[in-house]
Amino acid sequence: MIIQLPAAVAPTDPPQRPTGVRLLSFNQTSVTIAWSMPAESPPATLYQVMLRQCRVRDGLDVCDEFQAYRMPGAEAALEVPGQQVQLVGLTTNAVYQVAVLARNLNVAGYSYVPCPASLPLDAPTLNVCTR
């Protein structure tokens, strides 16, 4: 006798962008951030944090390209199943921008949106973006 199990039901639409990105804690070389998902959003199964360092040059803000955050010494980008992450190995007195991206297992890629407000920190400085 062959028994066929039903396929797992997974969302087919991409999740909406994470909202409410907020700072939970920080020290001189790390920050912990958290975020929320809109209640009406299809579920997100994984989140990825994109990070870039910024500096002022000739009176203008100059920022590197966004890169997927990797734990120090890791080769693969960090993906988290929950809505909180600690970013470690940051440089004291550096300015970073961070973007939180959401995806689900059936939809490749992430939901993007432009950067909103910033959160000042003592060290390092972190500008929070949702993408």
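## Accessibility and Thr 91

A residue counts as buried when its relative accessible area is under 20%, as exposed when that area is over 50%, and as partly exposed in between. Thr 91 has a relative accessibility of 42%, and therefore counts as partly exposed. The structure discussed here is a predicted model.

Thr 91 is placed in the loop that joins strand 7 and strand 8. Its C-alpha atom is separated by 5.7 Å from that of Thr 29, although the two residues are 62 residues apart along the chain.

## Overall architecture

The protein contains nine strands and zero helices. Its pattern along the sequence is accordingly written β-β-β-β-β-β-β-β-β.

Of the 131 residues in the protein, 37% are buried. The protein exposes about 7,900 Å², and carbon and sulfur atoms supply 53% of this area. Among contacts with a separation of 6 or more, 65% are made by residues 24 or more positions apart.

## The nonpolar cores

In soluble globular proteins, nonpolar side chains tend to be buried together. In this model, the largest nonpolar core has 19 residues. Trp 35, Tyr 47, Leu 51, Val 85 and Leu 87 have the most contacts inside this core. Strand 2, strand 3 (46-57), strand 7 (84-87) and strand 8 (95-103) are the elements that each give two or more residues to the core. Strand 8 provides the largest share, with four residues.

Beyond its neighbours within four places in sequence, Tyr 47 is in contact with several residues, including Pro 18, Trp 35, Met 37, Leu 78, Val 80, Pro 81, Val 100 and Leu 101. A second, separate core has five residues, among them Met 50, Phe 66, Ala 68 and Ala 99.

## A buried serine

Ser 30 lies in the loop between strand 1 (19-26) and strand 2 (31-36). Its relative accessible area is 5%, so Ser 30 is buried. The side chain of Ser 30 also makes a polar contact, at 3.4 Å, with the side chain of Gln 86.

## The salt bridge

One salt bridge is found in a search of the whole structure. In this salt bridge, the side chains of Glu 79 and Arg 103 meet at 3.4 Å, N to O. Because Glu 79 lies in strand 6 (residues 79-80) and Arg 103 in strand 8, the pair ties together parts that are 24 residues apart in sequence.

The two partners fall into separate accessibility classes. Glu 79 has a relative accessible area of 31% and is therefore partly exposed, whereas Arg 103, at 19% relative accessibility, counts as buried. The value for Arg 103 falls under the 20% cut-off.

## Confidence in the model

The mean pLDDT of the protein is 76, and 71% of its residues reach 70 or more. Confidence is highest in strand 7, at a mean of 93, and lowest in strand 9 (residues 125-130), at 53.

Over residues 112-123 the pLDDT is below 50, yet this stretch has 31 contacts in the model beyond near neighbours in sequence. Where pLDDT is low, the predicted coordinates should not be read in detail.

Key: Residues numbered from 1 in each chain as written. Predicted model: local features only at pLDDT ≥ 70, side-chain atom pairs only at ≥ 80, totals over all residues. Heavy atoms only, no water. Buried < 20%, exposed > 50% of the residue type's maximum accessible area, 1.4 Å probe, protein only. Contact = heavy atoms within 4.5 Å. Areas by Shrake-Rupley, 256 points an atom, 1.4 Å probe, with all protein chains shown as cover. Polar contact = N/O pair within 3.5 Å; in protein donor to acceptor, adjacent residues only side chain to side chain. Core = buried A, V, L, I, M, F, W, Y, C linked by side-chain atoms within 4.5 Å. Salt bridge = Lys/Arg side-chain N within 4 Å of Asp/Glu carboxyl O. pLDDT = per-residue confidence, 0-100.
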